[in-house]
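Visitor: Could you take me through the side-chain contacts here, starting with the aromatic rings? I'd like the cut-offs as you go.

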Amino acid sequence: MSSWLERQGSSHQTQLIATAILSGITVIGVVFGVQAIRRQVAMDDLKASIPNVDEPHDVDTVPAFGTNSTRPLLSREDERAADLAQRAQQGDYDEELIQEQLTRTASFLKPEGLSALRSSFVVIIGLGGVGSHCTAALARSGVSYIRIIDFDQVTLSSLNRNAVATLADVGTPKVTCVRKRLEAVAPWVHWECVNEIWHEDHGHRLLASWSGAERKKPDYVVDAIDNIDSKVTLLRYCYEHGIKVISSMGAGCKSDPTRVYVGDISGSIEDPLSRTTRRRLRMLGISEGIPVVYSIEKAGPGKAELLPLPEEEFRKGGVGELSVLPDFRARILPVLGTMPAVFGYVIANFVVMELSGYPHESGGRTGREKLYESVLQGLQAAEVKLARAEGEDVQGFRIPVSKDDVAYLIEEIFRGKSVLSGLPTRLALIRWRPSKDGYQPDIRWEGQKVSRLQLSDLVCMTKEEAAVHEKKVLADGAKPEDIYEAEVVALAERRLDEEQAMDRYR
């Protein structure tokens, strides 16, 4: 054994291998040593950069959801613009320059209109494609007090529709980006940037009066949120607190700018986001009185659609975790960059007209109140007739359906059309099937006779169709399947299932 070791030790190859191993160990030791020294130096520098809590120093809080600070990282050009804006907002800016920049607006709105606009306070919630273009237009038009609210950051994919963001802004808060870019355009505009998500519990703070000496209340709120729950709570908050608000419906999957309208939410059609928002608001007792911007462009073959997630993502489970926040959309919504801009400028135009007092006819209501009253009266008469046929005393007989319920069923569930023929005129509501328990009223409450009718029992037909349906189905006992085609029955059942699904929001 010892002779083998002697031979190996004297071998030139063995000596080379040993030398290589020792050299490698030495190099590794040196590398780790240098890295340790660098880590220590970096740690010392970091500790040295942290001021003593007793010493005066700047502190920046971490906004909601851990996003970046709202304090912008400025280039030299941005710093010059920010310095100019700071002086301008403190009054150190030539008024003649402002008047010259707004001269075309002044000639259109007249001096009194521009004066009203310049003293206005607008809150914009949501700074995506719609919100950023709206904000830019309002600032350029002369609105001098603007509060912008958004929790999100600029991303590469948002550059196709954001009004002012550049590659340098990617990864920074949207509120910071918008303010920084627009201060270089209208330095006299006063800004409040709120880097957080809208939540109803914080509404008193987010929609509070201007924080400066003026203490102005918001003259208008712009809803540019793309999340249904947040949108509904914002609109309800504004409605209940008497704050003027205009809401943007969906610009995704739209391509025709000539089909974009401003109108009351009760009349907005052909827009899934609008339909869902209307339904949820109706269930909260709000059926009209909120102006919205929406598109009547119809979907069709070859047009963009909401893109589903790849099947492999569903197989992985936890699809909800792919969203930025709970309940926010995780699927890809195709957006033509021009359409959010159109929506944003239409909203800004409406707000400018409203604030300046310029005459306009946008945002009107539908005027279908008489229709709803007529349908409600017809439904009441039909239910009384059914109860009387069973020998019931119908004196004081009432149905648990309101005019708002009628509007909800006709507009939201049945899309304003008969479930049989698709006709949109002379509409009525009637039971789809006979009641299994008869038509005896509920008399649990003394002095009241209340029909046991539920909204999920009703379908929309024309008056002529309802009269035939009442005779054959409700009076003679025929099944809908026996007298209507299969596709009609299937459509009616789908609509009734929709109503039951939406009932959870009531």
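Guide: F108 belongs to helix α5 (residues 103-118), while Y358 is in the loop between α12 (338-356) and α13 (369-389), so the contact ties together parts that are 250 residues apart in sequence. Helices (H or I, at least four residues) and strands (E, at least two) are DSSP runs, numbered from the N terminus. F108 is partly exposed at 45% relative accessibility, and so is Y358 at 30%; buried means under 20% relative accessible area, exposed over 50%, partly exposed in between (1.4 Å probe, protein chains only).

Before going on, a word on the ground rules: this is a predicted model, so local features need pLDDT of at least 70 and side-chain atom pairs count only at pLDDT 80 or more, though totals for chains, interfaces and linings use all residues. Residues are numbered from 1 along each chain as its sequence is written, and side-chain values use heavy atoms, with hydrogens and water left out.

Back to the rings: Y220 and F350 make an edge-to-face pair, 6.2 Å centre to centre with 85 degrees between the planes. Y220 is in strand β4 (residues 220-223) and F350 in helix α12, so this pair ties together parts that are 130 residues apart in sequence. Both Y220 and F350 are buried. There's also an aromatic cluster made of F121, Y145 and W210.

Now for the charges. The whole structure has 24 salt bridges, each a side-chain nitrogen of Lys or Arg within 4 Å of a carboxyl oxygen of Asp or Glu. D169 and K180 form one of them, with the closest N and O atoms 3.0 Å apart. D169 is in the loop between β2 (145-149) and α7 (174-183), and K180 is in helix α7, so the bridge ties together parts that are eleven residues apart in sequence. D169 is buried at 0% relative accessibility, and K180 is buried too, at 11%.

Another salt bridge joins E464 and R426, at 2.8 Å between the closest N and O atoms. This pair links distant parts of the chain, with E464 in helix α15 (residues 463-475) and R426 in the loop between α14 (403-413) and β9 (427-431), 38 residues apart. E464 is partly exposed at 43%, and R426 is partly exposed at 48%.

R433 and E481 also meet in a salt bridge, 2.5 Å from N to O. R433 counts as partly exposed at 31% relative accessibility, as does E481 at 39%. Beyond these pairs, R279, R415, R495 and E498 are linked in a network of salt bridges.

Note on methods:
Phe/Tyr/Trp six-rings, centres within 6.5 Å; stacked < 30°, edge-to-face > 60°.
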